[in-house]
Each structure stands twice: as structure tokens, then as C-alpha cells.
Amino acid sequence: MNILQAFSYPPILRGFLALVIAGCFFPMAGVFVLRLNLVTLRFTLMHAALLGAAIGLALHVDPLFAGLVLDLLAIVAISRVARESGLALGYVATFFMVLTIGLAFAVIYKAGVPSKDAFGILWGSVYSLSRVDLAVTALYALAIAVFVMALFPRVSAVLFHREIAFASGVNEAAVTTAILLFVGVSVALLMKLIGALLLDSILLLPAIVASFTARSARGFFVQACAIGAFCSIAGFFSSLALDVPASSAVTVIAACLLGAGLVYRRIARRRT
Amino acid sequence: MYLSGVMAQADACIAAEGINVAIDGHHILRDLSLSVLCGERVIVAGPNGAGKTTLLKVILGLQRWNTGTLQVLGLPVGTREWSRRRRKIGYVNQEAVSVDFPFSGREVVEIGACTLSLAKREKRMRAQEAMAAVGCAHLQHRMYARLSGGEKQKLSLARCLCQDPSVLLLDEPTSSLDPVSRREVMDILHDLNEMRGLTIVLVSHDSQVLAETTWRIERMEAGSFA
């Protein structure tokens, strides 16, 4: 079967489209994660999604949908608690990370949910996407693109410094909450696409590589998206050519680019 | 013209009366009163921990206070009307923002205009004018993270100007600067006050700044004015 023939199969075509869309737009959320130091939050969201999947399976609701809902609830709770308590977001996220995983195991045990099914949310597959999944991914990609482009001055103000954004007249609490929600939805959708363990290849690695070369905030977003697009397209075709899982191929290519980026940065620093 | 029409006369631009701030049981500000006239330039001096930064944050609306009344530009801080006019207060925080993020100099200055209802081109022009006004136009394409403390402070002042403020609040703007940069920043602030009529409240414990200045000096100690 050649590559063109492969595209005649709807699951493969849908997987390809979803991966390209995610690669093109989801690294914007990765820029948020990097700048606002939300790495801990990312893990919390994975655990919250696991809790959501467990609850969903117990209640016979779609585990992805339940995971997404739990992610959104976790973000609202984390940002509220951090704001009210004055604690750093990372500390609050760590607390919720432990709490959600603890609750997830309790639900799995008490509700008799097969742990294999609950943990299934951690392994994604681009070929298991439905039309609805693809539509949701595309709509979400459009939403994050519109958010970043239309509100770029306000978003960049918050990314620069929250107090200065506030002093500049930005409703920084609303923008920050929106950023956290976008990160949460990105994590949840990427878990479905390529799995929790590999989602950083689209979420974070393109943003990290872009941070080595970008010379402006606008350029950072553009380059992260371009690198994400390259990784997802190259990874997809590599997976077909080499007969390996798409998520693995995307991850290996992103990791190679990261290595190349580190070498570039080392050379650039020696020159200056 | 940058001077706000609302408070063009020598009214009290900042009027704080009996402000008390306690955080986790610690009294940071105690029965503090301050009146700053429009167009005035004031240095709030005092040792570390005196509550100077908290005072600025209260004026800015970033820090809630427990008791007392506070009006800025004739509006009670924290009200909806004040929120709409909040950007009339430019703010330079304590340390030049340290960011490992590739903001260009111009992007940082344009943050000041981010909520203004202007076309992108107009915002860019305003940023260019602000940078020219403080003598940092040459920094517009440089990466902010790689600039010196003095260069960052100049961009911060340009950012505030871009915001079209009536009041500038500056928290230790010269603390990490060498004598030449410190002189430059103080001269720029002096010019902004003289030529644009900006009200300036500057927090400092820099003895050199205090020794050289002709500004009104208010000394703080343990949360209130000495």
C-alpha cells in the first residue's frame, strides 16, 4: 500500500488531518506553558483527565469528554485557589496533582472500573479519531488561533508581566484564566491524539526549539507553530514509511529537532 | 498632550487617608495618609521593609487595603470607573523584568498601548514616539532579555509613556543602575514631569538619588510616614 492509497482510508485521513491541525496550532499552548511555567499544571491536567476517565467509565460517559470536563474544572479550581491564597500556581497545581491521582485510584477501586480502560486515556491514537473528534480538534485550533491573534497585545502583556499587564489596563485575571483553559483543552485533546506520555512532542518541544531561535514574542508563536507543523507532517509520513506508531515518529522527530536546536544555541552563544 | 484633562489643575492627584494594610497579621501600612498634587514629583524614601512597594501597589490597585480611603485622579480606587481609567497610571516595578522570553524592545513598549483603541499602525507610531522621547529608539529590535538594567528601565519608561499616563509610579527604578544610567533615568523623569506635566511618585532607598534631588521627599518607616 503506497501513501496515497493510505489516505483513502478515512481513519488514516482523519488522523493525518488532526495531527497536522494540532501540529500547526497547539504549540501556541506550549508557549503559554513555557512562559508561565505551567509544566506542573500539565501533569496535574493529565491526572485530572485520568480521574475524569475513571468517573466517566463508572457513569458510562465518554471518558475523553469526562476527562476534558475534569481538566476544565481543575483549571478553574487551581487558578481560583492560587489567586485567593496568594500561593504560586505551581504549588497549588502540585496539590491538585496529588489529590486527583488519589481520587482517581479511589474511584477505580470503589466503582470497579477496569484500570486498563481508565488508563487507556493516557494512550492516544490518531487513527481512532471520529469525525466529531476531528471537528472538535479543528474548532479548538481555530479558537486558540483567534485568541492569540486577535488579543495578541493583551496576551503578550500578560506573558510579559502580570502586574504590568494589570497596570496597562488589561483584565489580566480573565486573560490568564483563558490561557489556562487553552492549556487544559490542549492537553486533553492531545492525550486523545497521541497520548499523555507523548503529548509534549507537539505541545512543548516545538515551543522549546522556537525559544532558541525566536527574536520576538510574535516570532516565538509563529516559529513554534511552524516547527510543530513540520514535526507532525514529517512524523506522520515517517510512521507510514517505517511502519511505526505515528505518535512515536512525531516524538522522535521533535526530539531530534530539539537536539539540533541545542547545538545551534551552543554555537550561537560561542559566537556572541 | 499626555496630561489628563480631568486633573489638569493642581488638584490632589493621589489622596490617601488613613490607609491600613495587614497581610497575614503583619501590619505593612499603618494609618498612612498621602496627598500628591497633579504635576508634582515625590520621592518616597525609607529602609527596606518600610512598606514603600506596598504603598505603590495599593495606589495601583494591585494590593487591597483593610481600612482607609484612596482616590487616584479623582476616582476611588477599585471602582468600575477607576478600572476604566487604570491605564492612566504608568507603573515601573522594582526590578527590571527578567524574562527568558524573546520579547523585542518594541513589543515591550507596545504593551503600554495594548488596551488603547488604536489601529496597529498607530500603536506602532506611538511606541516609536515614546522610545524617541526617552532616547531608546535604537533598542526597538534588540531582545529585551539581553539588555542592560539601564536600557530595560528606559524601555519601561517608554512603555509607560505609550500608555498615555497622567501618573507614573516607579519602584526603585535606579536600584540596579550604574551612576551614569541612574543620572540618565532621573533626568528623563525630570523632563517628563517638566515638559509633559506627569505626576511622578518614585520609591527609593538610593542615598545618591536622595542626595541629588530637588523633589519633595516623604520618608517612610515601619508602614507610615515619619
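Me: Which residues of α9(A) meet residues of α11(A)?

Reply: In this predicted model, where local features need pLDDT of at least 70, side-chain atom pairs count only at pLDDT 80 or more, and totals for chains, interfaces and linings use all residues, Arg154(A), Val155(A) and Val158(A) of α9(A) meet Glu172(A), Val175(A), Thr176(A) and Ile179(A) of α11(A). Residues are numbered from 1 along each chain as its sequence is written, while chains are lettered from A and ligands numbered from 1 in the order in which they are written. Two residues are in contact if their C-beta atoms, placed from the backbone, lie within 7 Å. By class, this contact has 4 nonpolar, 1 polar and 2 charged residues (Ala, Val, Leu, Ile, Met, Phe, Trp, Tyr, Cys and Pro count as nonpolar, Asp, Glu, Lys and Arg as charged, the others, Gly among them, as polar).

Me: Why is α9(A) called roughly perpendicular to α11(A)?

Reply: The axes of α9 (residues 152–160) and α11 (residues 172–194) of chain A come within 10 Å and cross at roughly 90 degrees. Roughly perpendicular covers 65 to 115 degrees, so α9(A) is roughly perpendicular to α11(A).

Me: What makes β6 and β10 of chain B edge strands?

Reply: The open sheet of 6 strands in chain B has the order β6-β7-β8-β3-β9-β10, with mixed pairing. Two strands pair if DSSP finds at least two bridges between them. β6 (89–92) and β10 (224–225) of chain B each have a single partner strand, so one side of each is left without a neighbour in the sheet.

Me: How do you know that β6(B) pairs with β7(B)?

Reply: 4 bridges join β6(B) to β7(B) (residues 167–171), and the two run parallel. Val92(B) has Leu170(B) in β7(B) as its bridge partner.

Definitions and conventions: Axes are lines fitted to C-alpha atoms, for helices over the stretch in contact, and angles run from 0 to 180 degrees between N-to-C directions. Angles under 35 degrees count as roughly parallel, over 145 as roughly antiparallel, 65 to 115 as roughly perpendicular and the rest as oblique.
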